[in-house]
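Let's work through a few exercises on aromatic rings. Have a look at the structure first, then try each task before reading its solution.

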Amino acid sequence: MIQSFELAFRMQSALPRVMELGNEPTHIKEMYGITGTDRNKFANQCLTARRLAEAGVRFIELNAGNWDHHRNLRTTLERSCASTDQPIAALLADLAARDMLKDTLVMWGGEFGRTPRINGNAGRDHWPNVFSCFMAGGGIKGGTVIGSSDEDGMQPKDRPVPVSDLHATVCHALGIDPNKEVQTPLGRPMKLVDNGKPVAELFG
């Protein structure tokens with residue numbers, strides 16, 4: 001418990017300095033899309049993520065909201081892409097330029113896909129049958145595409161990857177045995193990954 005309190009104190013004392021983006025060079029902020037008073041919230045998150053990684057934080061989660069697009073897809077999708085494309089590209093480029101990408105695993109995805117057909121509100125709804133994510137850094141072989149969907153995006157076509165395999169792939173990239181068994185707070189044994197296998201084509 002004392003170690004937990006000491007860790008919390010160190011985090012509280014270091015966090016204000018890490019979260020202060022004002023001392024970043026102008027060209028770095030512009031690379032992420034942070035200019036003047038028009039501050040892209042997700043751009044701030046991406047730049048903060050790089051700073052947290054530099055400070056030794058081992059797990060960082062970003063959240064780009066408003067991706068549901070249940071209505072007015074043409075307008076909302078364009079807006080969502082515009083707010084995320086540049087910051088994500090900047091984060092990867094920044095990590096690579098600082099020689100951090102090889103030791104940092106970056107994942108971008110959601111919890112499900114979107115319906116292949118437009119609904120009555122000119123939007124798309126939840127579709128768990130097929131979806132995708134990208135991974136970069138952490139030993140991942142860049143430019144590798146695993147699997148595909150059918151032409152309508154309704155079902156997996158080639159080389160589908162179950163969620164358990166995705167989890168196992170993350171463990172493999174982090175040097176963790178996906179078959180390791182741990183104890184829950186209630187004392188029940190549980191594997192880190194339920195019967196998943198790393199996607200071997202992503203490494204090597």
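Rings of Phe, Tyr and Trp (for Trp, the six-membered ring) count as a pair if their centres lie within 6.5 Å. Keep in mind that this is a predicted model.

**Exercise 1.** Find how many aromatic pairs the whole structure holds.

*Solution.* A search of the whole structure turns up 2 aromatic pairs. Phe 42 and Trp 108 make up one of them, at 5.7 Å centre to centre and with 55° between the planes. Planes over 60 degrees apart count as edge-to-face and those under 30 as stacked, so 55° makes this pair tilted. Phe 42 sits in helix α3 and Trp 108 in strand β3, 66 residues apart, so the pair links distant parts of the chain.

**Exercise 2.** Work out how the rings of Trp 67 and Trp 108 are arranged.

*Solution.* Their centres are 6.2 Å apart, and the angle between the planes is 75°. That angle is over 60 degrees, so the pair is edge-to-face. Trp 67 lies in the loop between α3 and α4, 41 residues from Trp 108.

Conventions
Residues numbered from 1 in each chain as written. Predicted model: local features only at pLDDT ≥ 70, side-chain atom pairs only at ≥ 80, totals over all residues. Heavy atoms only, no water. Helix = DSSP H or I, 4+ residues; strand = E, 2+ residues; numbered from the N terminus.
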